[in-house]
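Subject: Structure handover, with notes on helix packing and pockets

Hello,

Here is the structure for your files. My notes follow below it.

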Amino acid sequence: MTSGKPMRERLVGTLWVVVPIWFVAISLIRLSSYLPYQPGYDGMLYRTATIDWMQGRDPWTPPTEGAAFAAPPPTLIAMIPFALVPEPVARVALLALGVIASIWMIRRLKLPLWWLAFPPLVDGLYIGNPHIFIAPLLLLGLAPIAGFLKVYALAVPALRLDIRALVITAVLLVVTIPLLPWGQFFAEWPQINDALRRQAGGTGLSVLATPLLLPVALAAALFVGRERLAWLAVPVFWPFTQWYYAAMALPAVTPLAAIALATPIAGATTAALIIMVAELYWRGRSTGRPELLRWGPLPPWVRTFSRSGPADPEGRT
């Protein structure tokens, strides 16, 4: 055991050099592809759709070129603050708030600041997609707001059995039904679904892009346990997963799994889940504290971030 410990420490030390280098390299490659586009363009797409809805127009009208708005109606309510100010102000506010929220999240999770270079996070920040607020809002205990911003955010409280958050969100959804164009959304669903598929490049990056791996992904999901799965379920299993979706996995991800999530290729999210199982098994063998098959709250020894593990998703110490 004494001879194995230095080897483990050397391996972990190597990881803590490789991981940030990988993050920065992939992020720079991604950002270079965005140079022709103004930062925050995705957020401005959401803002335009919200303005169209507020002025009685169809928010899901397909544009002549570029991406289309394809979010469910509750997102329109969440974007109202950005629709009430001029576009330059909304763009700067969205980008600045995204950076502030991400820094707060990294600090809350006790992650080294170089995790800000996590490529899916960088991707979401540059385009200004509202998704970047999902994990910070959930960590703040504001699941209903996160659920209005992106409906798939509710997968986290659902898997964590946060009944209170789900009930509050359900009540808010019912109360806002008369205000939102649900009928129009369902009537235009084929067109909206097609836009989602097109913008995700077909099946997206979830396990649905590699359906033969679905049994493996389900088995790995069982092993990582409920708390971690709550944060990984959307990137791994949600239809039409886009790359920046993986940013919501930060509260539970492990270093090698993060390298996989940072790679925008089909099957990477499933690989990340499998790698996480191997990492947790290795850590459990090294420390004598098993971390697999835990479906209750995370145990005390993984509640703070260190070179061997992630932070507790609740931010507990």
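Which residues of helix 13 meet which residues of helix 14? Leu214, Ala217, Leu218, Ala221 and Val224 of helix 13 are in contact with Arg228, Leu229, Val236 and Phe237 of helix 14, where contact means heavy atoms within 4.5 Å.

Some ground rules before the rest. This is a predicted model, in which local features need pLDDT of at least 70 and side-chain atom pairs count only at pLDDT 80 or more, while totals for chains, interfaces and linings use all residues. Residues are numbered from 1 along each chain as its sequence is written, and side-chain values use heavy atoms, with hydrogens and water left out. Helices are DSSP runs (H or I, at least four residues), numbered from the N terminus.

Helix packing

Two packed helices are described by the angle between their axes and the distance between the axes. Axes here are lines fitted to C-alpha atoms over the stretch in contact, and angles run from 0 to 180 degrees between N-to-C directions.

Helix 13 (residues 214-224) and helix 14 (residues 226-237) have axes that come within 10 Å and cross at roughly 165 degrees. The two helices are therefore roughly antiparallel (angles over 145 degrees; under 35 is roughly parallel, 65 to 115 roughly perpendicular and the rest oblique). The crossing of helix 13 and helix 14 is right-handed (the near helix is turned clockwise from the far one by less than a right angle). The contact residues of this pair comprise eight nonpolar, no polar and one charged. For these classes, Ala, Val, Leu, Ile, Met, Phe, Trp, Tyr, Cys and Pro count as nonpolar, Asp, Glu, Lys and Arg as charged, and the others, Gly among them, as polar.

Helix 5 (residues 87-108) packs against helix 2 (residues 41-54) at about 125 degrees, with the axes 10 Å apart. That angle makes helix 2 oblique to helix 5, and the crossing is right-handed. Tyr41, Gly43, Met44 and Arg47 of helix 2 make the contact with Glu87, Ala90, Arg91 and Leu94 of helix 5. By class these are four nonpolar, one polar and three charged residues.

Helix 5 also packs with helix 6, at an angle of about 155 degrees and with axes 8 Å apart; this pair is therefore roughly antiparallel. Leu95, Gly98, Val99 and Ser102 of helix 5 contact Leu121, Leu125 and Tyr126 of helix 6. Five of the contact residues are nonpolar, two are polar and none is charged.

Pockets and cavities

Both were found on a 1 Å grid over the protein atoms alone: a cavity is a set of points where a 1.4 Å probe fits but cannot get out, a pocket is an open set with protein on both sides within 12 Å along at least five of seven lines, and lining residues have an atom within 4 Å of a point. Grid points are joined across faces, edges and corners, and a volume is the space filled by probe spheres set on the points.

The largest pocket has a volume of about 910 Å³. It is lined by 37 residues, with Gln199, Ala200, Gln242, Tyr244 and Tyr245 the closest to its centre. Helix 2, helix 6 (119-127) and helix 12 (189-199) each give at least two residues to this lining, which has 26 nonpolar, seven polar and four charged residues.

The second largest pocket holds about 340 Å³. Of its 17 lining residues, Ala78, Phe133, Leu137, Ile145 and Leu149 lie nearest the centre. Its lining has 17 nonpolar, no polar and no charged residues.

There are three cavities of 30 Å³ or more. The second largest cavity has a volume of about 50 Å³, and its lining includes Leu205, Trp243 and Thr269. Seven residues of that lining are nonpolar, four are polar and none is charged.

Regards
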